[in-house]
Amino acid sequence: DIELDFAGDENFQENHEREKHKGKRRNDDRQKNKRENQRRKRSSKSVQGIREESQSKTERRGRGRRRRGKAEHETSEHEGNEEKRDQIRAKTTKSKKNIKNEKTRKLEGKEDGEAQERSERGKLKLVCAKNEEKIESGDQLKEKEKALGVKKKKKKKRKKVVETSSEPESSEEGDDEEEVNDDGEVRPELLSPEELEKLKEALDEKKKLIQSLRGKPWPMKQKLVTLRESQLFVEKYEGALGQGKGRKLYAYKKWMKFQRDFENFKAACIPWEMKIKEIESHFGSSVASYFIFLRWMYGINMILFGLTFGLVMVPEIYFMLTILLFTFLEQALMGRPYGSIPRKTVPRAEEAGAMDFAVLWDFGGYAQYSVLFYGYYNNQRAIGWFKFRMPLSYFLVGVGTVAYSYMVVIRTMARNANESGIGDDNSFNFSWKMFTSWDYLIGNPETADNKFASITTSFKEAILEEQESQKDDNIHLTRFLRVLANFLVLCCLAGSGYLIYFVVRRSQKFALDGLENHTWWERNEVNMVMSLLGMFCPMLFDVISTLENYHPRVALQWQLGRIFALFLGNLYTFIIALMDAINLKRKEEKVVKYNITMWEASLYNGTGSENSTAPPITIHPADVPRGPCWETMVGQEFVRLIISDTMTTYITLLIGDFLRAVLVRFLNHCWCWDLEAGFPSYSEFDVSGNVLGLIFNQGMIWMGAFYAPCLPALNLLRLHVSMYLQCWAVMCCNVPQERVFKASGSNNFYMAMLLVILFLSTLPAIYTIVTIPPSFDCGPFSGKNRMFDVIQETLESDFPTWFSKVFSYASNPGLVLPFILLMVLAIYYLQSTSKSYKEANVELKNKIQMQNEENKKKNKQAALKAQMDLEEARKSASQRNNDASVQRREEDEKIYNKNQRMYHGRNPSPSVGDREPHFPVRGPAPRNCHNGNHGNPRYLPGFHQQSEPRMYRVPSVAFLGFK
Amino acid sequence: MVSPAIALAFVPLLLTLIIKYRYYFVLFYRAVLVRIWKDCVTGLSREERAFQYVLTNSTPGDPDSILDAFDYWCTNVEFISNIGPKKGKILDRLLLEQSPLTVLELGAHCGYSTVRIARVLPLGARLYSIEMDQGNAAIAEKIIRLAGFDDDTVELIVNPSDEVIPRLRSDYNLERLDFVFMDHWKKCYQPDLQLLEEYGLLGKGSMIVADNVLFPGAPKFLRYLRKCGLYEWKIHRATLEYSKGIRDGMAELIYQGIK
């Protein structure tokens with residue numbers, strides 16, 4: 001099947017004919033040997049079969065010689081190529097074996113060469129004859145195809161022969177021979193130079209074939225088969241043959257392959273990649289974007305957790321490592337264990353119920369006096385042999401988590417911005433829709449149906465929109481509806497804000513009364529109400545937003561914005577309530593502090609009066625009176641909020657999605673309407689709500705992580721569970737959205753929200769750190785005036801004096817202010833340059849567009865001109881047509897030949913000739929038609945028959961020609 | 001004791017449900033509550049009431065005016081699940097394109113769809129209409145005669161469809177049905193279709209139109225269509241008759257035979 005490629009390669013064949021025959025002869029030699037030996041009946045049979053076939057062919061030889069011109073030539077060439085391939089194969093099998101007696105063999109080859117040559121030629125002729133016999137009445141194209149088919153059969157047989165022939169011999173020769181056969185490995189050093197040369201040429205041909213394969217007029221299947229074969233061949237021998245450049249190329253290819261494999265491996269290592277891909281295929285990329293975002297969050301939380309756990313919690317944990325018996329590490333690194341000092345002990349009053357589940361669930365009791373919260377940490381400056389600066393580390397980790405988060409978010413945003421580039425979606429609305437609306441990641445028929453439907457509806461909508469924008473009559477109604485929707489949403493927000501405010505006030509009242517007098521519902525009212533509102537209000541917004549009639553992508557952004565406002569309002573109401581609570585605690589603290597001094601004094605006085613030299617009375621740490629420790633309280637609140645939030649999410653998932661799906665699925669058999677298609681149906685995945693839930697969850701983590709170091713760990717757990725739970729829920733209980741749309745660019749929207757939330761959540765944390773003095777008897781900063789004093793302290797005591805001096809100079813406002821000024825200037829400069837770049841880009845784009853339009857115009861003109869020419873030519877042709885139809889037939893033939901040459905020969909792009917205006921018309925497209933006409937002897941070239949197709953083909957051909 | 005604030009937090013959910021499913025609530029009210037109320041007050045069945053209205057408000061012998069009267073009554077007074085004007089137009093179009101000679105209608109109810117089909121049939125065509133319920137059939141008969149169609153054009157058969165279909169060939173000398181309209185019990189769509197196939201009443205090119213395949217819905221029917229491969233089919237999406245917001249569809253099948 002490579003014959004067409006070698007239409008012009010006659011020289012090559014002539015040059016290598018001899019060698020080919022030699023190879024062939026070897027093959028035959030072997031066969032002869034085998035037949036004599038009669039070792040394997042199978043092989044001998046096949047050989048005999050071929051012989052018989054050839055005999056039968058000779059009988060029919062005479063019949064087949066009707067048309068023997070080009071076709072025969074080509075087929076013979078093809079045959080030659082095949083032989084060459086066979087010969088190469090034979091050679092590879094033999095290469096090893098031949099190494100010793102190669103020369104003698106060659107001599108033999110020369111002796112027998114002539115006889116073999118004769119027999120070969122005979123065979124070739126036979127083949128040709130057979131081909132032609134088969135295709136007697138067909139047209140020429142079909143002829144060729146059939147010939148190909150025949151040859152394929154033939155080739156297969158030959159291959160078999162070669163294989164079978166090599167088998168017994170290989171068994172004779174020994175094990176290494178077999179190895180060569182199996183692996184197909186060729187050792188170039190074992191080949192003679194001329195064989196190498198040949199192999200190289202074959203390789204080049206294969207490469208050429210691969211390159212030119214696309215333009216061949218073959219059926220697809222054949223093309224694929226050929227391509228695969230040639231690629232295999234090239235791959236097999238390229239490396240072996242390559243020396244110098246080829247070898248380098250081969251190495252490069254291997255390297256590329258390795259890189260590709262490595263990429264695949266890396267992709268396989270990305271956690272949950274397959275899960276997300278599967279979801280993407282079922283639900284489209286917008287749902288998948290949520291899961292990708294979730295995974296990204298997981299990564300960030302992993303690092304936050306690593307920071308807090310490694311630098312804060314582990315040094316403070318003692319009991320865990322005593323279990324591991326790392327006494328050295330204990331001594332080296334650890335702080336004091338539980339129960340050693342008052343802040344690490346549950347007070348006596350709470351001890352009774354400290355292990356109750358209800359208490360632990362509220363993070364009181366043992367959970368409160370553990371490493372999970374701020375209050376447990378000791379203010380000892382350096383602990384263990386390593387002098388680990390615990391308070392400093394605590395502070396720096398708190399700052400570091402926030403700084404790291406900022407960095408990551410901003411970096412990701414910048415990268416996304418780069419990727420998205422500057423695309424204006426407005427200018428080519430319909431072509432964008434036409435060519436880019438399909439989501440190629442969809443792998444599910446149902447989703448594909450949905451997508452199909454949504455594309456059609458989007459087209460309808462776009463057309464309607466276009467019409468409406470021209471008509472411009474309904475715009476007032478739409479505007480009114482949009483305003484109304486926003487008004488309703490605002491009402492809803494105000495209502496929910498008031499409800500939360502009301503609940504918070506009530507809870508403060510409860511707190512003043514004492515929480516023990518109230519029920520569990522009342523105690524957890526704030527969290528419950530916040531979670532419920534956060535769950536139900538978005539649904540209401542969603543319903544309201546159907547009024548607005550936006551594109552789903554825009555609608556998603558509006559929805560996100562609204563939920564954002566809701567959550568933010570809720571969160572800030574909560575924070576304000578917390579601030580009130582902090583103030584209350586601080587008042588309480590003052591009283592307690594005074595009481596403690598009194599208590600200590602009385603203790604001292606009591607002991608002092610009896611015996612001044614007696615050792616001081618040891619008091620169990622549980623009995624020491626405590627301050628209220630507002631930091632732990634804040635941490636507890638956040639942890640409770642997170643827990644209740646997580647719980648509501650999971651419960652909603654189970655009830656709203658799973659239970660609904662189960663009911664719909666199993667009640668459908670005995671219900672009076674179709675539950676699946678109609679009324680309750682299955683739920684859709686709520687992208688906006690879930691994303692915002694995630695973002696706000698993260699915001700709470702950032703806010704509370706300073707006061708509750710356990711928060712990143714908790715969040716990690718939550719994200720991990722929700723990854724699996726939500727993946728499962730999506731796949732098992734949700735249906736794809738009715739309007740599946742691509743989530744293009746919305747990723748940066750999420751990121752922007754995350755950044756805003758990060759900023760908003762660091763504000764209260766920083767505010768509390770800077771303005772409120774830490775509690776006097778708990779936490780790493782107890783006894784200091786402000787929490788950040790720890791840095792100054794470290795600078796003074798742990799660094800050399802010159803360093804602190806430098807630092808004090810550097811922190812001088814005189815130095816800081818100019819620096820800030822410089823930074824602002826730099827930012828301004830960068831901003832303006834980027835703006836100018838953007839403008840330049842837009843201009844370039846416009847230029848390209850203009851150029852395109854110009855080209856289009858040119859093409860149109862050219863096409864028109866070609867049409868004119870054609871018409872003229874046709875007129876003249878019709879004049880001529882009347883006198884001589886025979887002449888016309890000849891002309892047709894000529895044109896056909898030309899076409900053939902054009903297709904089979906070297907020049908791929910025919911230029912439009914001015915002298916023959918009808919040539920391009922007949923060029924590429926109507927080849928089949930011509931062939932049919934040509935083969936048919938009854939064909940009479942009527943002008944009317946041809947005029948129609950010509951008319952059709954004019955534009956396309958002209959376009960091709962001028963492109 | 002649940003606190004009132006928590007109860008208040010459920011208000012958005014309630015609002016959401018009400019707004020989202022308002023059409024279903026309206027439908028429930030009109031089709032069930034009003035019907036029960038009127039049944040108690042008048043002592044007549046719904047179909048009889050509809051017939052009374054049509055009798056007094058339409059021109060005898062004019063199918064269009066009868067249909068209009070029906071539509072008016074069903075939109076503004078009570079609800080009867082006829083095919084309705086919107087889907088009716090699609091049905092008209094299909095009938096005009098196909099111009100069938102033998103038509104089978106499953107489920108005449110009170111004759112609305114029978115009149116609708118009969119008025120666009122070509123000359124010499126014959127419509128067999130099957131209705132299971134005696135009372136409904138009596139009213140349908142009256143409506144059909146009121147519209148001016150005689151026994152030659154429309155034949156009303158009072159029997160369940162699964163009994164009639166096997167006897168169609170023997171009792172009514174039917175060889176092949178050109179057009180079948182299904183609007184009876186949604187659960188019978190699939191078995192009846194299979195019966196039609198089984199008794200060889202469908203030829204290549206016969207068209208079957210099934211109403212209400214999405215709401216109330218015939219999931220088994222649709223599943224069967226997807227699976228069997230005997231039909232070329234599509235669903236005309238529309239809304240439920242006399243209601244704006246409930247989506248419904250009408251399936252159009254063309255029998256292709258076994259390939």
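The model is predicted.

**Chain B**

Chain B has 12 helices and 7 strands. It holds 259 residues, and 54% of them count as buried. Its accessible surface is about 12,100 Å². Carbon and sulfur atoms supply 58% of that surface. Among contacts in chain B with a separation of 6 or more, 71% join residues 24 or more positions apart. One cysteine of this chain, B:C228, has a relative accessible area of 26%, so B:C228 is partly exposed.

**Where the chains meet**

The size of an interface is often given as the accessible area lost when the parts come together. Between chain A and chain B, the buried area is about 2,200 Å². Carbon and sulfur atoms give 73% of it. In chain A, A:F536, A:V543 and A:F679 lose the most area to chain B. Together these three make up 25% of what the chain A side buries.

In residue terms, 29 residues of chain A are in contact with 25 residues of chain B. The count of salt bridges between the two chains is 0. For polar contacts, the count is 1 residue pair, with both residues at pLDDT 80 or more.

Which elements of chain A give two or more residues to the side that touches chain B? They are helix 19 (475-513), helix 20 (520-523) and helix 21 (525-545). Helix 21 of chain A gives the largest share, 10 residues.

**The disulfide**

Over all chains, the structure holds 1 disulfide. A:C629 and A:C778 form it, with their sulfur atoms 1.9 Å apart. The torsion about the S-S bond is about 100°, so the disulfide is right-handed. A:C629 lies in the loop between helix 22 (552-610) and helix 23 (630-667) of chain A. A:C778 lies in the loop between helix 26 (746-771) and helix 27 (789-798) of chain A. The pair therefore ties together parts that are 149 residues apart in sequence. Both A:C629 and A:C778 are buried.

A:C733 is in no disulfide. Its nearest cysteine sulfur belongs to A:C732, 3.3 Å away. The cut-off for a disulfide is 2.5 Å between sulfur atoms. A:C733 has 1% relative accessibility, so it counts as buried.

**Two serines**

Is B:S58 buried or exposed? At 13% relative accessibility, B:S58 counts as buried, because the limit is under 20%. B:S58 sits in the loop between helix 4 (46-57) and helix 5 (63-76) of chain B. Leaving aside neighbours within four places in sequence, B:S58 is in contact with B:S65, B:I66, B:A69 and B:L146.

A:S761 lies in helix 26 of chain A. With a relative accessible area of 1%, A:S761 is buried. Leaving aside neighbours within four places in sequence, it is in contact with A:G699, A:W702 and A:M703.

Note on methods: Residues are numbered from 1 along each chain as its sequence is written. Chains are lettered from A and ligands numbered from 1 in the order in which they are written. This is a predicted model: local features need pLDDT of at least 70, side-chain atom pairs count only at pLDDT 80 or more; totals for chains, interfaces and linings use all residues. Side-chain values use heavy atoms; hydrogens and water are left out. Helices (H or I, at least four residues) and strands (E, at least two) are DSSP runs, numbered from the N terminus. Buried means under 20% relative accessible area, exposed over 50%, partly exposed in between (1.4 Å probe, protein chains only). Contact means heavy atoms within 4.5 Å. Accessible areas come from the Shrake-Rupley method with a 1.4 Å probe; for residues, only the protein chains shown count as cover. Buried area is the accessible area (1.4 Å probe) that two parts lose on being put together, summed over both. A salt bridge is a side-chain nitrogen of Lys or Arg within 4 Å of a carboxyl oxygen of Asp or Glu. A polar contact is a pair of N or O atoms within 3.5 Å; within protein, one must be able to donate a hydrogen and the other to accept it, and residues adjacent in sequence count only if both atoms are side-chain atoms.
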